[in-house]
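Here is a short report on a two-chain model. It takes one chain by itself, then the interface.

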Amino acid sequence: MAEEIKAHITGVVFQITTKPGDAVAAGDPVIVLESMKMEIPVEAPRAGTVKEIRVAEGQTVQEGDTVAVID
Amino acid sequence: MAMKDLVDDLAARRSRARAMGGEDAVAKQRAAGKLTARERVDLLFDAGTFTEFGIHATHAGIAPDLAGRETPADGMITGVGRIDGRLASVIAYDFTVMAGSMGRTAELKGNRAREIALTKRMPMIWLIDSAGARIQEAIGSRNFAATGLLFREESIMSGVIPQVAAMMGPGAAGTAYIPALSDFVPMVRGTSNMALGGPPLVKAVVGEDITAEELGGSKVHCEISGCADLEVADDRECLAAIREYLSYFPSANTDAPPVSACSDPVDRRAEELLTIVPDSARRAYDVKKVIRAVVDDGRMFEIKPGWAKNIVTALARLNGHPVGVVANQPQVLGGALDNDAADKAARFIMLCDAFNVPLVFLQDVPGFMVGSKVERAGIIRHGAKMLYAVSEATVPKLTVVLRKAYGAGYYVMCGRAYEPDVIVAWPTAEISVMGPEGGTNIVFRREIAAAADPAAERARRVEDFRKLINPYIAAGAALIDDVIDPRETRAVLVRGLEMAKRKRIDRPWRKHGVVPV
């Protein structure tokens with residue numbers, strides 16, 4: 001079942017560390033945000049496969065925005 | 001009757017009461033994955049130390065549908081026993097008797113147990129597994145108007161004796177305020193829940209269809225609402241957690257916390273601390289590794305580990321002496337403080353200060369969160385709670401700046417102005433009104449914009465800024481006591497604690513402050 005991964009903090013997308021098709025474990029960073037001058041990973045809530053990345057590097061995201069989808 | 005017959009009658013009465021709500025009800029309790037109230041009390045206390053009061057209690061005889069029936073111990077086991085040799089008073093709700101509902105006799109038993117705890121200065125422990133008030137005995141204002149004593153008393157006992165309310169089953173309506181006013185609330189996963197209004201009331205009043213677990217299960221309160229302190233797997237783990245929690249506290253606020261034997265060398269150097277902070281100030285690490293490396297035997301007892309994870313609050317020991325550790329967690333939200341983190345830390349600081357448990361602050365904080373979301377949620381008043389709590393605390397306070405000590409984050413984490421008895425920094429420390437990047441962008445905005453190569457100019461200015469905030473600047477001005485090798489942290493804290501042991505600070509008289517909430 002697909003699950004949306006949401007940003008838990010407002011920030012700028014610093015790095016996209018996975019791509020569609022990648023397998024991730026629970027707690028693996030899917031993308032990294034920059035906020036409060038810190039690199040803050042957005043982690044997979046459970047194990048799965050990355051289905052979609054919905055943001056681009058440099059893009060500003062708000063807390064609660066969907067940044068990726070895992071299957 | 002002869003005494004022998006009277007004694008046999010007494011034994012039969014005791015035996016009936018110990019059978020609780022009967023075989024079927026006890027079987028149901030076990031099938032639900034729960035221990036009985038009596039088994040719980042036995043496991044809570046050191047073997048053979050429980051003295052029960054009120055075993056012959058039964059309902060008040062005012063509800064017509066209870067006529068001719070008994071409610072063994074009136075659905076509540078009360079008495080005193082020892083935990084690690086020290087006395088504590090218990091109120092254990094027995095769900096096998098009318099769903100652990102609180103009747104009038106049980107209320108009197110509870111009053112008695114609380115009075116014993118308060119007047120004899122011992123911890124009060126509630127084991128909650130109750131449907132709430134026994135409506136049959138509470139209906140009508142003649143009965144209801146006199147009740148509520150419990151919550152007033154609990155408020156008055158707060159900070160005098162430790163209060164623990166374990167959720168080991170349901171705790172709806174008024175019962176949910178027992179944990180709300182307690183110091184420590186463990187919740188058993190899957191079998192416990194608490195809500196001001198249970199599912200049927202919620203359905204009737206606001207039309208929401210929801211299960212008790214979704215409404216107020218352990219996940220909700222340990223990870224979202226912050227109303228509970230620790231999620232535990234089952235009853236046994238819950239009772240062990242209560243015993244461990246209380247091992248860090250004195251029996252009352254007039255005593256010192258108990259000291260344990262310590263075999264961990266006080267001058268043990270923690271080699272792993274040399275490489276724990278990443279070279280890049282933008283990278284995170286797990287501050288719990290620092291705590292474990294420093295405290296006795298790497299052992300810590302976290303309070304609210306699943307909620308506001310950007311700050312860690314944990315009980316631990318240094319050379320056998322209990323301490324409360326408050327540490328920013330760079331791994332979550334970069335360690336930035338938000339509303340929940342400030343609430344969590346403020347409450348923990350008040351808890352430790354109330355019971356003479358010294359505080360250790362490990363700073364790595366980029367500041368308080370900014371932005372419209374947190375402002376609308378009132379981060380100013382939430383942050384104020386932490387300022388207030390750290391200012392009020394008169395227990396020994398030891399501060400170690402691991403890395404960032406930015407802005408008000410430095411203040412609330414017991415910066416120099418907040419009466420730390422020792423304040424030291426690792427060589428990686430940066431004590432500053434704000435971080436180098438943010439500061440440079442504001443102070444040198446014009447110079448950067450006017451430069452031929454703005455990026456290079458910014459980088460040069462950031463480096464200059466960094467030189468102004470390294471720990472030798474604060475140490476050179478004697479504003480911190482020392483810059484230390486991270487490996488020495490344990491020894492520095494143990495010595496600081498010894499030095500501060502007889503600390504005494506008198507505050508001006510007041511009835512009480514106006515606490516930010």
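## Chain A: fold and packing

In chain A, 57% of the contacts with a separation of 6 or more join residues 24 or more positions apart. The model is predicted. Chain A has eight strands and zero helices. Read from the N terminus, its elements run β-β-β-β-β-β-β-β.

The C-alpha trace of chain A spans about 30 × 15 × 15 Å along its principal axes. Its radius of gyration is 11 Å, which agrees with the value near 11 Å for a compact globule of 71 residues. Of the 71 residues in chain A, 39% are buried.

## The interface: extent

Chain A and chain B bury about 1,200 Å² between them. Carbon and sulfur atoms carry 58% of that area. Ten residues from chain A and 19 residues from chain B take part in the contact.

## The interface: polar and charged pairs

Four salt bridges cross the interface of chain B and chain A. One of these pairs is A:Glu63 with B:Lys373, whose closest N and O atoms are 3.1 Å apart.

## The chain B side

Two elements of chain B, β13 (397-406) and α18 (436-443), each supply at least two residues of the side that touches chain A. The most comes from α18(B), with three residues. By class, this side of chain B has nine nonpolar, six charged and four polar residues.

How values were computed: Residues are numbered from 1 along each chain as its sequence is written. Chains are lettered from A and ligands numbered from 1 in the order in which they are written. This is a predicted model: local features need pLDDT of at least 70, side-chain atom pairs count only at pLDDT 80 or more; totals for chains, interfaces and linings use all residues. Side-chain values use heavy atoms; hydrogens and water are left out. Contact means heavy atoms within 4.5 Å. Buried area is the accessible area (1.4 Å probe) that two parts lose on being put together, summed over both. A salt bridge is a side-chain nitrogen of Lys or Arg within 4 Å of a carboxyl oxygen of Asp or Glu. Helices (H or I, at least four residues) and strands (E, at least two) are DSSP runs, numbered from the N terminus. Ala, Val, Leu, Ile, Met, Phe, Trp, Tyr, Cys and Pro count as nonpolar, Asp, Glu, Lys and Arg as charged, and the others, Gly among them, as polar. The radius of gyration is taken over C-alpha atoms; the globule rule is 2.2 Å times the number of residues to the power 0.38. Buried means under 20% relative accessible area, exposed over 50%, partly exposed in between (1.4 Å probe, protein chains only).
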